[in-house]
Amino acid sequence: MSEMSALEGRITAALDRIRQGLDAKAGPDPEMAAALAQERAAKDALAAELQAHQGQGAELGRLTAALEAQQAQMQNLDAELQRLRASNAQMREMNTQLREAVTNGLAPELLDQAVAAEIAALQAQRSADAAELEAILATLKPVIEEGSHAAG
């Protein structure tokens, strides 16, 4: 039994020393506090970066939708231009036939009317081409401005 008492005394003494050591260490360890602060700062930086990437994803979605809308607009404009060009080609062919008919004895005022119609069609063609350029410039302007903001 005396061995048991001796062991019990030794264990109690060891536990007391451990408790005293823990009480002495109870204050914050400066190295651990610094490491913890560094880890928190790294976590905050990663969270901010994640939010920035999520914001970029939303911006990318908005830009994609705008691009799709502009592509649809360009397809509509292209269809109109094709139709206008076909109409002009047909009108030029008819005017050529009319000129041939006038040289064979038809009234010259018909030729004047045909030429006036052809001029009007060419002006419409020019207007459609100008509209196409406006659409292209409207599409490129935001991209150019965004590029100049990114470079500056």
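1. A quick definition to start: patches are built from residues with over 30% relative accessible area and no salt bridge, joining like charges within 9 Å and nonpolar side chains (Val, Leu, Ile, Met, Phe, Trp, Tyr) within 5 Å. Leu-133, Ile-136, Leu-140 and Ile-144 make such a nonpolar surface patch, of about 370 Å²; accessible areas here are Shrake-Rupley values with a 1.4 Å probe, and for residues only the protein chains shown count as cover.

2. Please keep in mind that this is a predicted model, where local features need pLDDT of at least 70 and side-chain atom pairs count only at pLDDT 80 or more, while totals for chains, interfaces and linings use all residues. Residues are numbered from 1 along each chain as its sequence is written, and side-chain values use heavy atoms, leaving out hydrogens and water.

3. Now the salt bridges (a side-chain nitrogen of Lys or Arg within 4 Å of a carboxyl oxygen of Asp or Glu). The whole structure has three. In one of them, Lys-43 pairs with Asp-44, with the closest N and O atoms 3.9 Å apart. Lys-43 is exposed at 57%, and Asp-44 is partly exposed at 48%.

4. Through shared partners, Arg-85, Asp-129 and Glu-132 are joined into one network.

How values were computed: Buried < 20%, exposed > 50% of the residue type's maximum accessible area, 1.4 Å probe, protein only.
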